[in-house]
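Here is a short report for a reader meeting this structure for the first time. Look at the model below, then follow the text from sheet to sheet and on to the ligand and the interface.

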Amino acid sequence: MPASPGVDSGNELRILGFLCNWCSYGGADSAGVARLEQPTDLRIIRTPCTGRIDPLFIVRALINGADGVLVSGCHPGDCHYVEGNFHARRRLETLKRILPVTGINPDRFMYTWVSASESGRWQEVVREFTARIHTLGPAPRMSDTLTETLAAEGLPMQATNGVK
Amino acid sequence: MKQSIREALPGLDLVLGWEQGWDALHATPLFIRKAEDVDRLILGPTCVQSLAVQLPSLKGKKVGIVVKGCDSRAVVQLLRERLLDRAEIILFGFGCDGVVSLKRLTKVLGDLDSVTSVKKTDDRLVVESPDGRREAAFDDVCAPKCLDCAWPNAVESDHFAGPRLEPRPPAESKTALERFEEKSLDERFAFWKREMERCIRCYACRNACPMCVCRDKCLAVSRNSKFVSQEANPSESFMFQLIHVMHLAGRCVSCGECERACPMDIPLGLLRAQSTAVTEELFHEQAGTDPEAPLPLLTFKTDEETIEERD
Ligand code: SF4
Ligand code: SF4
Ligand code: SF4
């Protein structure tokens with residue numbers, strides 16, 4: 001059996017998780033509190049609701065070099081805002097089915113529902129998704145970012161947009 | 001058509017139509033304000049561009065517009081999104097049997113200078129110029145969207161001129177999207193990388209799109225854009241394309257204006273075709289065909305029959 005992926009094995013990939021504050025973030029938190037072992041590749045971004053997740057967040061992440069994106073929220077019917085995840089479901093499904101024409105592997109994106117009490121399920125979701133992304137390997141890149149281009153040419157990064 | 005425009009004109013601020021451009025191959029938008037302007041109106045295979053793109057900026061005026069099937073779908077979709085007021089719009093519809101793609105025509109007939117006449121006879125297109133008379137099979141030179149046009153007649157109209165036409169039977173050969181789907185994901189990605197290297201970020205694809213209504217508030221050109229930077233590279237250009245595609249999901253009326261307007265000949269229609277196929281499959285409806293239907297991405301069902309539950 002190969003070493004579990006992650007920072008210790010030096011083969012960590014970039015996986016982004018958009019988690020709803022009310023359910024899945026709670027689920028991930030309780031998984032942590034319960035010390036359930038999880039791969040370390042996932043970087044979590046906490047959102048107020050899956051309904052807040054613009055599908056373009058996911059596109060931007062995939063185009064910017066994320067190897068996988070996971071979205072997780074409350075089970076349909078359990079949304080803190082009643083219908084946020086119902087709206088999200090249509091948008092996320094639409095995006096998932098559009099991805100094949102772009103050449104971005106739709107398997108790099110997954111959305112699911114995990115409640116705050118399902119720490120075990122959270123562990124399963126992260127393990128399975130991380131394993132899937134490791135099978136796919138690093139995502140192909142369309143182009144280097146400006147930072148990478150400048151670094152490759154040995155040039156300093158200049159401040160843009162007033163942000164240093 | 002001219003007669004009904006003349007009759008309606010006194011009650012309208014203007015009527016949008018087409019007139020002949022610098023040669024017979026090019027039609028250009030005509031803004032009819034006076035009775036004598038009506039005489040310059042032309043209808044035919046060169047009336048390519050969608051005039052509906054003008055409508056949102058004319059809100060508040062009473063506007064007439066001449067529409068082919070696909071143009072009328074854009075108007076209907078704008079009405080459906082409450083971006084236009086039905087009471088302010090008069091539709092002059094007709095049955096359209098196809099328009100010319102200048103790109104395809106040039107491929108088949110070579111460069112065409114100072115064309116003096118363009119005629120469609122049954123299934124041929126005849127072009128006359130000082131260099132002589134040339135002709136081609138219409139299917140080889142028409143806009144790709146016309147090959148299997150399901151809505152040749154204006155979907156909605158206040159005045160309808162001429163006979164109503166039968167929809168074209170779907171083209172037998174595979175669609176461009178189906179051919180593209182034969183490539184592997186990696187090949188598709190490499191394809192877009194190459195195409196996006198040619199993109200000059202002129203935004204013509206967006207500006208020609210009748211359903212792009214944010215204009216100078218577009219996410220892509222904000223001074224402090226959160227989604228796409230001004231960096232010129234394929235991934236930023238592709239990001240811009242995907243903004244367009246996602247913002248048009250469930251709204252795109254397949255008019256093909258984005259692809260036609262692209263000066264770099266980038267096959268943007270592939271991305272739109274996928275989005276249209278997906279939203280039709282998920283929501284069982286076509287954009288721009290029913291002004292009253294709710295927008296699929298602004299509503300939901302608690303149990304979605306077409307979406308597999310993910311728990
Ligand atoms: S798609 Fe249909 S309505 Fe539109 S130009 Fe082609 S034939 Fe005419
Ligand atoms: S995205 Fe292209 S095909 Fe769709 S409505 Fe806009 S211009 Fe027409
Ligand atoms: S019209 Fe073509 S070149 Fe211009 S921004 Fe759109 S895709 Fe790029």
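In this predicted model, three strands of chain B make an open sheet in the order β5-β6-β7. Their pairing is antiparallel. Strands β5 (117–121) and β7 (132–137) of chain B stand at the edges. Each has a single partner strand, so one side of each is left without a neighbour in the sheet. From one strand to the next, the twist averages 20°.

Strand β6 (residues 124–129) of chain B is joined to β7(B) by six bridges. Within this pair, Val126(B) stands opposite Glu135(B). A helix covers part of the sheet: α3 (residues 102–109) of chain B packs on it and touches β6 and β7 of chain B. The direction of α3(B) makes about 115° with that of β7(B).

Chain B also has an open sheet of five strands, in the order β2-β1-β3-β4-β8. Here the pairing is mixed. The edges belong to β2 (27–32) and β8 (159–161) of chain B. Each pairs with a single strand, so one of its sides has no neighbour in the sheet.

Strands β3 (residues 63–67) and β4 (residues 89–94) of chain B run parallel, joined by five bridges. Val66(B) faces Phe92(B) of β4(B) across this pairing. Helix α2 (residues 69–80) of chain B lies across β1 (14–20), β3 and β4 of chain B. It runs at about 140° to β3(B).

| Strand pair | Direction | Bridges |
|---|---|---|
| β3(B) and β4(B) | parallel | five bridges |
| β6(B) and β7(B) | antiparallel | six bridges |

Next comes the ligand. Which residues surround ligand 1? They are Lys68(B), Gly69(B), Cys70(B), Cys96(B), Gly98(B), Val99(B), Lys145(B), Cys146(B), Cys149(B) and Trp151(B). By class, this shell has six nonpolar, two polar and two charged residues.

Chain B also meets chain A. The contact takes 50 residues from chain B and 41 residues from chain A. About 4000 Å² is buried between the two chains, and carbon and sulfur atoms give 65% of that area. Phe189(B), Met246(B) and Arg310(B) supply 19% of the area that chain B buries against chain A, more than any other three residues.

For chain A, an unreviewed UniProt entry annotates residues 15–137 as "domain: F420-non-reducing hydrogenase iron-sulfur subunit D". That span is 46% helix and 19% strand. Its end C-alpha atoms lie 11 Å apart.

Definitions and conventions:
Residues are numbered from 1 along each chain as its sequence is written. Chains are lettered from A and ligands numbered from 1 in the order in which they are written. This is a predicted model: local features need pLDDT of at least 70, side-chain atom pairs count only at pLDDT 80 or more; totals for chains, interfaces and linings use all residues. Side-chain values use heavy atoms; hydrogens and water are left out. Two strands pair if DSSP finds at least two bridges between them. Helices (H or I, at least four residues) and strands (E, at least two) are DSSP runs, numbered from the N terminus. Contact means heavy atoms within 4.5 Å. Axes are lines fitted to C-alpha atoms, for helices over the stretch in contact, and angles run from 0 to 180 degrees between N-to-C directions. A residue is near a molecule or strand if one of its heavy atoms lies within 4 Å of it. Ala, Val, Leu, Ile, Met, Phe, Trp, Tyr, Cys and Pro count as nonpolar, Asp, Glu, Lys and Arg as charged, and the others, Gly among them, as polar. UniProt positions are given in the numbering used here, feature names are shortened, and annotations may be inferred rather than shown by experiment. Buried area is the accessible area (1.4 Å probe) that two parts lose on being put together, summed over both.
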